[in-house]
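Here's a friendly walk through a protein model. Have a look at the sequence and the 3D view first, then read on.

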Amino acid sequence: MEDLDNKKDFDIEYDPLVAAAAADHDIAVVESDTFVSTQGWDSDTVVDYKINEDEFHKITLLDCDFFIRKPPDPDNDVYDFREMYVTPPDTDVYSIPKVLAPMPQKYIRCAQSDYGSYNVTEPPIDAPRDPLYKTEREILKVYLTKHYKNRRMGDPEFVLDFEEIYIIDSKTKSITRAKVLVTAPGGRTRDRKSDLLVISDRGSSFKIIHASEKEDPTTVIEKQEWENSRQEMERHLRKLRDFSISNWF
C-alpha cells in the first residue's frame with residue numbers, strides 16, 4: 001500500500017497532460033479565505049487579520065516566528081510557499097516576510113533542519129557548587145531541503161535534493177534559496193545517495209561533494225585555521241608592500 005501511495009505522489013516538474021489525467025491522486029489545492037500571495041508584495045507589510053496558525057507550519061527562530069502554509073497531508077512535511085507570514089516571537093502581529101528569491105508555485109515536500117548556536121553561561125566564581133554551565137539553543141536559521149522528486153520519507157528511493165534548499169533567516173526575517181555549488185561527478189544523472197552537503201562560512205556557503213571526499217572534523221578545523229592565519233599574515237605584509245617607502249624603514 002505504501003509503494004502504491006508513493007507512485008501517486010506529486011512532483012513540481014510534470015507534464016500538464018499527465019498531471020491532468022492523474023489529478024485525482026494529487027494533493028488537493030486548498031485556498032484559504034485570507035490567502036495572500038507573497039509574490040509581488042513589499043517586504044514587512046503588516047496584514048490586518050489574524051491567521052489560523054493550525055493551517056501553517058510554525059517555525060520558531062531566535063528573533064521571529066515564521067509561518068508557511070501547510071496543505072492537508074498525513075506526512076505533515078508539505079509546504080506551500082505561496083503564503084507565508086512572519087511575527088515577533090509569540091505575538092499575533094503578522095506581516096509578509098522578505099522573499100529574496102523566486103519561490104515554488106506548487107507544493108513541495110521538505111525536510112527541516114536547524115542552524116544555530118549554544119549560549120553557554122558559566123557559573124560565578126564565588127559559587128563553586130552551582131551547576132558547571134547552562135546552555136540555551138538559539139536557532140538562527142532554518143534550512144528546508146526538498147525531497148528529491150517529492151518522494152515520501154518512507155519511499156525506498158527517498159533522498160534529499162541538496163540542490164534545492166530554502167533558507168529562513170531569523171535576523172533578516174527573510175526567506176531565500178541557497179546558492180549551491182555542485183562538485184560531485186555525474187551532473188544531474190549522478191547517484192544522489194552519494195551526495196554530501198558541506199555548509200561553511202557560518203551557514204551561508206553550500207557545496208555538494210561526493211561522499212568519498214568526506215574529511216574528519218579535525219582536518220576541517222586545521223584547514224580553516226590555516227586559511228585564517230594566512231589571511232592575518234597577508235594583512236600584516238600588506239602594510240609593507242603597499243607603500244614605495246614603508247614607514248617601518
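What follows covers the nonpolar cores, the aromatic pairs and the cysteines.

This is a predicted model, where local features need pLDDT of at least 70, side-chain atom pairs count only at pLDDT 80 or more, and totals for chains, interfaces and linings use all residues. Residues are numbered from 1 along each chain as its sequence is written, and side-chain values use heavy atoms, with hydrogens and water left out.

Let's start on the inside. A nonpolar core is a set of buried Ala, Val, Leu, Ile, Met, Phe, Trp, Tyr and Cys residues joined through side-chain atoms within 4.5 Å. Buried here means under 20% relative accessible area, exposed is over 50%, and partly exposed is in between (1.4 Å probe, protein chains only). The largest nonpolar core has 19 residues, and the members touching the most others are Phe66, Ile68, Phe81, Leu144 and Ile168. The top contributor is β3, with four residues. Strands are DSSP runs (E, at least two residues), numbered from the N terminus.

Now zoom in on Ile68. Setting aside neighbours within four places in sequence, Ile68 is in contact (heavy atoms within 4.5 Å) with residues including Phe56, Tyr79, Phe81, Leu144 and Ile168. There's also another core, apart from the largest one, with seven residues, among them Val47, Phe56, Tyr85 and Ile96.

On to the rings. Rings of Phe, Tyr and Trp (its six-membered ring) pair if their centres lie within 6.5 Å; planes under 30 degrees apart count as stacked, over 60 as edge-to-face and the rest as tilted. The structure has eight aromatic pairs, and here are two of them.

| Pair | Centre distance | Plane angle | Type |
|---|---|---|---|
| Phe81 and Tyr166 | 5.0 Å | 35° | tilted |
| Tyr115 and Tyr143 | 6.3 Å | 45° | tilted |

Phe81 sits in strand β3 and Tyr166 in strand β7, so this pair links parts of the chain 85 residues apart. Phe81 is buried at 0% relative accessible area, and Tyr166 is buried too, at 2%. Tyr115 in β5 and Tyr143 in β6 tie together parts 28 residues apart in sequence. Tyr115 is partly exposed at 23%, whereas Tyr143 is buried at 4%. Elsewhere, Tyr49, Phe56, Phe67, Tyr85 and Tyr94 make up one aromatic cluster.

How many disulfides are there? Counting pairs of cysteine sulfur atoms within 2.5 Å, the total is zero. Cys64 is buried at 0% relative accessible area, and Cys110 is buried at 3%.
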